[in-house]
Amino acid sequence: MSTATADLHDAPAEPGVNYLNASYGIRSWLLTFDHKRIGLLYLASITIMFVVGGVAAMLMRIHLIEPQGALFEPETYNKMFSTHGIIMVFFFLVPSIPATLGNFLIPLMIGARDVAFPKLNLMSWYIFITGAALALYATLSGGVDTGWTFYPPYSSHYSATNVTIVALGVFVAGFSSILTGLNFIVTIHKMRAPGMTWFRLPLFIWAMYATSLIFVLGTPVIAITLFLLGLERVLHVGIFDPAVGGDPLLFQHLFWFYSHPAVYIMILPGMGVVSELITAFSRKKIFGYSFVAFSSLSIAVISFIVWGHHMFVTGQSIYAGLVFSVLSFLVAIPSAVKVFNWTATLYRGSISYEAPMLYALGFIGLFTIGGLTGLFLASLATDVHLNGTYFIVAHFHYIMVGGAVMAYLGGIHYWWPKISGRMYPDLWARISAAIIFLGFNLTFFPQFMLGYLGMPRRYAVYPAEFQVLNVMSSAGASILGIGYVIPLVYLIWSMRYGPVAGPNPWKAKGLEWTIPSPPPTENFEEIPIVTEDAYNYPVAEAHKYPDAPGVARV
Amino acid sequence: MAAHGAHPPGFAHQFETVTQQREAGTLGMWVFLVTEILFFGGMFTSYIIYRSLHLQSFIQGSHELIVRYGATNTAVLIFSSLTMALAIRTAQTGKSKGQIIFWLILTMILGASFIAIKLRFEWYRDYVEGLIPGVSWLDGGTHTPGVKMFMCFYFFMTGLHALHMVVGLGILTVLVIMTARNKFSSQYYAPLEISGLYWHFVDIVWIFLFPLLYLIGGRY
């Protein structure tokens, strides 16, 4: 790896010719095969989807300020939470880190000029926006009210809303995931620079690899399942139809066979990002590299054999429930390995609290809460009490928002200087990280209590005794909303007015920091030859604590 | 990129060597086929579950299918896999482009025959006889509800398979054009090889579909 770039940082010059200014005009973006530009196309698209899903969430929270509902008819409320769930899961969280940061960073981190199949990469973006457009069209032209899970027979025979179009949108967007996963797997296998062995790869790459495996193995199953559901809706007969001997429970099995692993599609990339952030801002090697790497793979593998824990109370056999319960507990092991190893990496590191680090630390705390409450739900007896309540809502939002979105924002902040070549105002970034953390907890912690007290999810009205906690939650949601708007403003501002970042503003390790910011179109002038492990931070920086784990002995 | 002064045809900029490109392409197709297995797998799994739940209905439904045509189509497809393999072999050994095109077109004719037989002698007859659930279903009361379920599976599975055949024919058309434009040589024939993998995969899916749909119930 080059060390000459460190000197450049002291007096960053205006960026020269790079992927952003190499060509101009809308055509140069819409027909680009550059993985970095495609990453930005995804960034823009999923930001729009995030805003749509966020507005739906905000309206729901406003509605729930009053026990009788402040805004909508119950039917409209059903459409709100369905829209929120479908948009956020399939069109924001699933593509979030992989399609933006993954696309942008994988070739940079492994020392390649592009992904293995650049045209396929662009195609997957077009497929994605086609799916997103279908979903948005369905939402605006009457909505859908099945929830994001599309359970039949309601979705196949009874719902009078746009189920078919939305299911088609999700089906189409699924192929975008499949192609992205395929591209990443081949890229990571075949495009690594000389000397970039598997155990020198940044842990973000391991996380993306595990995520891609789930993309490739899980997404086809949801695709065929929604396809069958759509056919059943159109033809009024199909394989989930009890009238011909079909079993709606089969849909749930097939649905969760994808959708549980999909949870790890959303969180694994976040874990990868956090591994990068923790090492960069404690200036230490990760504690237990191979454990963290393999925990990503084992999470991906185990994720495929735990889907039944979503069905403890839906009519699945009690013995199947027992097995799924035990298997679900297994996920806690690799997840805990990661949390322990991040914590051990922090131990006696020279920690600094730049904005990305605040997000990373927030992630660890919130993910831990989300993960531990998951164990309540994996236990058969407590699940019977908590299933279908706000406890579940709080649990998965701690993982999805407190985990995945925090990591996503942390990653965006960390690599923003690389993406844009500019720095954002650090103070604002720290303030917004704090606002998001506070707003998030105020929104979702009361929901744990609501759920424990028995408030069911997906209801437009609730008993008056739950109002205080609901108002707290809604207040938190508005704080959270402000926290999300601030970065949107200053990141866009910084693209033009931010100070020039230089190649390596964080003085971090990794091939992506050895090239100019923003990177040139071909990434590397010459393909680098890798001679060292990931996170090989200078020993001197940690020398004052020679006994700290992860500090190389000299 | 100066290291690669003379780029062989079809060489893409993101790769360092031709070998790397070929390996990437092949791995990509294998990964894609894995996704296809999972895609069909959802249906096969559902089929197996329902077959165990409604065995008699599935046997009754299976008797509505004509084994003769299914068997013919099986032979047609296996033969098309042979001609596809010969097309690749011809390119590999550096034969003339006319020979490659001959085998490709023969593969296309066989693939099209499969679809034609399916449409004319099977699906069209099913339509007339009212055996297509949701489209034309004439039930004189002789069928249990499970037969309708079986026919759903039959049409979903063979329909999806036929869709893959159509895509395959499209790919073959592109390959014929590429061959005619001298894109391939004994040094570079990766698109042929990768498309061949796809063609064989679609063939293999049928090898599973034929017994599952036509031959259950032990009537022979």
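Biologist: Where should I begin with a predicted model, and what is the average pLDDT of chain A?

Modeller: Confidence is the place to begin: chain A averages a pLDDT of 93, and 95% of the residues score at least 70. Over residues 1-9 of chain A, however, the pLDDT is below 50, although this stretch has 17 contacts in the model beyond near neighbours in sequence. The pLDDT is also below 50 over residues 550-554 of chain A, a stretch with 13 such contacts.

Biologist: How many helices and strands are there in chain A?

Modeller: Chain A has 17 helices and zero strands, and its C-alpha atoms fill a box of roughly 70 × 50 × 45 Å along the principal axes.

Biologist: What radius of gyration would a compact globule with 554 residues have, and what does chain A have?

Modeller: The rule for a compact globule gives a value near 24 Å for 554 residues, and chain A, with 23 Å, agrees with it. Buried residues make up 57% of the 554 residues in chain A, and among contacts in chain A between residues at least 6 apart in sequence, 85% join residues at least 24 apart.

Biologist: How many residues of chain B are in contact with chain A, and which helix of chain B gives the most?

Modeller: In this model, 33 residues of chain B are in contact with 33 residues of chain A. Helix H1 (18-53) and helix H5 (145-180) of chain B each supply at least two residues of the side that touches chain A, and H1(B) gives the most, with 18 residues. By class, that side of chain B has 18 nonpolar, 12 polar and three charged residues.

Conventions:
Residues numbered from 1 in each chain as written. Chains lettered and ligands numbered in written order. Predicted model: local features only at pLDDT ≥ 70, side-chain atom pairs only at ≥ 80, totals over all residues. Contact = placed C-beta atoms within 7 Å. Helix = DSSP H or I, 4+ residues; strand = E, 2+ residues; numbered from the N terminus. Nonpolar A, V, L, I, M, F, W, Y, C, P; charged D, E, K, R; others polar. Rg over C-alpha atoms; globule rule 2.2 N^0.38 Å. Buried ≥ 20, exposed ≤ 12 C-beta atoms within 10 Å, placed from the backbone. pLDDT = per-residue confidence, 0-100.
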